[in-house]
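This briefing covers a helix contact, aromatic pairs and charges over rings. Please look at the sequence and the model before reading on.

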Amino acid sequence: MALFGAFSAGKSSFANALIGERVLPVSPNPTTAAINKILPPEPEQGWPHGTAKVKVKSREQLASDVLYSLEVLGRPAAGLDDALRSITRLKAEQVPGKGKPHYTFLKAVERGWVTMEPHLGTELKTDLEGFASYAADETRSCFVDGIELYYTNPLTEQGIVLVDTPGADSINARHTGVAFEYIKNADAILFVTYYNHAFSHADKEFLLQLGRVKDSFEMDKMFFIVNAADLASSAEELDGVVQHVENNLLQHGIRHPRIYPLSSYYGLEAKLAGDAEQVALTGMLRFEQEFVRFTFEELTEIAVRSGDADIRRAADVLERWMAGARADASERQRQAAELRQALGEARKLLEQTDPESGIRELSKEIRELLYYVKQRTFYRFGELYNLAFNPSSFRDEGRDAKSMLQSAWEDLKRMLSFDLSQEVLATTLRIENKINKLAAEAARRLTETIRESIPSFEPEAFAPFKLQTPELQGTLEADEVTVKFMLGYYKNAKQFFEGDGKQALRQELEGRLNGPMTQFAEAQAAALEAVYAQQLRETYTAVTGKLGQELEELAEGLLQALEEKVNLEELQKRHEKLLEYFE
């Protein structure tokens, strides 16, 4: 289960309330927080209760993070050594408001460099005290890629892995891809927001991504937590806040959300005091009961249905074997000859299966999906432009119009590039669903053809493949817009924001960015076509290989029965045993 939300939302506090102990440090520095996982202990692997594995960033990862933050501050560096020298020259008064988190991160790197540099690219083993230090001390945590804490508690005893992710407002550019992998692969997604806090831009971007992918999942696995609900002065006020959250989720494409107002602080206090009645009053009990129902009923039901189907299939196979064994000698001989001939034809069919028509269909789908990626991002151009070129950004003292315009232009390109990348990531889920649909259809067609000559062939139900999301390459390459050019639209703040300067510049920039956005979408489409065509070929190979294996196993059993190489009495007992499951 993956926890998401802004740094101020109380994710760690909520996780502690779920666990029933103060395990995760509350309020780590938002600019340096790492990914914290709480897992079941593995004493046989050297990870008993209370131990933690700290994965320190590699030199390349740290360099990427540092260079990105310097670039955001308008201080590009040639490499890590140059970057470290540049950090020493950074002064807080030179940094605009939006750049403060990056400044804090860079200064934490500077303070922790001597201690942590020898550990870059390594894994460290520590105890609970060390875990808290690496998770919360910014001079250490800025060097940490992730921490795995092995801890016995009611959640991990059920086999649950709890992942406390960096906030939606993390400055780490790599966390975008990490967050998507958890959105894609987690069995449950929990988004935590703080009572009566407005959704930040980062929150909204994350919720927009959830809205993009929600319909791609087989089942709804999202839960929304309104933390610190004890701040409500009345039930009516609380209802109003919950309604506000629901309206925001709906605006971001999330319909019929499961929302839980609760107090994680008082929920944990009540658990520590052993007060079950108070736990219920905090709202924690309602969430826990419904979450347990989801994990141990809805998710388990999927596995149970699959198991039922396997048992029924096995019973049917045994019944076919017994029927063959009971036939007279001539009939068995005839059936064996027909089966061998049909088996040879089925092998040829599987060997000759060609995925090329599926690849052509997939390519067409990818091109169409990527066309709409560009269209949807372009629809947001005005919104993102207003975020980049807004009055508050042009009020920073000590900065001239040139630097403010340049900073706004860089922000706009960064936001457009981010939005395009998020749209492409969301699209990969639709592409992967298409691949599984094509593979399932191929399996169905092959099965039907084989069953024309071998009616007893009943393979396992198709299980969707877990496909690898490609790492996105490339950024939005826009023609450079000079500050001198933008100054032609900007005389002063009043003229720009109250007059026609801002709107005129928007129209000009929109026209200049149309081509680069189209090129970005086309480049992504070509890259995805190549990667996913190969994955489609691999799924077809896996499908035909599995069908072939199941076919050989079925034929071997049938032939043994027809040639009286089986114990009919033993088969009868096994058949009866299988049928007992359904009595």
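Buried means under 20% relative accessible area, exposed over 50% and partly exposed in between, with a 1.4 Å probe and protein chains only. This is a predicted model, in which local features need pLDDT of at least 70, side-chain atom pairs count only at pLDDT 80 or more, and totals for chains, interfaces and linings use all residues. Residues are numbered from 1 along each chain as its sequence is written, and side-chain values use heavy atoms, with hydrogens and water left out.

**Aromatic pairs**
- Rings of Phe, Tyr and Trp (its six-membered ring) pair if their centres lie within 6.5 Å; planes under 30 degrees apart count as stacked, over 60 as edge-to-face and the rest as tilted.
- The count by this rule is 27 aromatic pairs.
- Phe4 and Phe206 make a tilted pair, 4.7 Å centre to centre with 35° between the planes.
- This pair links distant parts of the chain, 202 residues apart: Phe4 is in strand E1 (residues 2-5) and Phe206 in helix H8 (residues 201-213).
- Helices (H or I, at least four residues) and strands (E, at least two) are DSSP runs, numbered from the N terminus.
- Both Phe4 and Phe206 are buried.
- Phe291 and Phe294 also form a tilted pair, at 6.3 Å centre to centre and 40° between the planes.
- Phe291 and Phe294 are separated by about one helical turn because they are 3 residues apart in helix H12 (residues 284-326).
- Phe291 and Phe294 are both buried.

**Charges over rings**
- A charge sits over a ring if NZ of Lys or CZ of Arg is within 6 Å of the ring centre and within 35 degrees of the ring normal.
- The charged end of Lys125 sits over the ring of Trp47, 5.0 Å from its centre.
- Lys374 has its charged end over the ring of Phe378, 5.3 Å from the ring centre.
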